[in-house]
Amino acid sequence: MAQARDPGEAFALLEKGEQFDLVLWDVSKAKLRGAATFLELQERMPATAKRVFFLAGGVAPSSVQQLLARYPSRRLERPLSPGHLGEIVEPLTRGTSVMV
């Protein structure tokens, strides 16, 4: 488990070879630059981008709204209940697909 406070930290972790089964991306954090950073992740590390779930809630810029509309099955509303998170994580521990 790791936490990145900005895109530079996130990409540094990934470039060091860190691998993650699940990435929770809080799209409300301005430092993460929402859609722009996710598009960069798709280009640079497409396998990791496929493991991203977006934490959403509240008002979001139009670029983030478009991103969430493009990936509706990966949108998780805050507050996220432990049970819902378990539904996402548990299949990953078995190596199966996640359905949201």
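Which residue in β2 does D26 stand opposite? The residue is L55. Before going further, note that this is a predicted model, so local features need pLDDT of at least 70 and side-chain atom pairs count only at pLDDT 80 or more, while totals for chains, interfaces and linings use all residues. Residues are numbered from 1 along each chain as its sequence is written, and side-chain values use heavy atoms, with hydrogens and water left out.

Let's start with the sheet. Three strands make an open sheet in the order β1-β2-β3, with parallel pairing. At the edges stand β1 and β3, each with a single partner strand, so one side of each is left without a neighbour in the sheet. From one strand to the next, the twist averages 35 degrees. β1 and β2 pair in the parallel sense over four bridges; two strands count as paired if DSSP finds at least two bridges between them. As background, strands of a sheet pair through backbone hydrogen bonds, either parallel or antiparallel.

Here are the strands and their residues (a strand is a DSSP run of E, at least two residues; a helix is a run of H or I, at least four; both are numbered from the N terminus):

| β1 | 23-26 |
| β2 | 52-56 |
| β3 | 75-77 |

Now for a helix: α2 lies across β1 and β2, running at about 150 degrees to β1. Angles run from 0 to 180 degrees between N-to-C directions, using axes fitted to C-alpha atoms, for helices over the stretch in contact, and contact means heavy atoms within 4.5 Å.

The ring centres of W25 and F38 are 6.0 Å apart and their planes sit at 85 degrees, so the pair is edge-to-face (centres within 6.5 Å; planes over 60 degrees apart). W25 is in strand β1 and F38 in helix α2, so the pair ties together parts 13 residues apart in sequence.

A cis peptide bond joins R78 and P79, with omega about -5 degrees.

Methods. Rings of Phe, Tyr and Trp (its six-membered ring) pair if their centres lie within 6.5 Å; planes under 30 degrees apart count as stacked, over 60 as edge-to-face and the rest as tilted.
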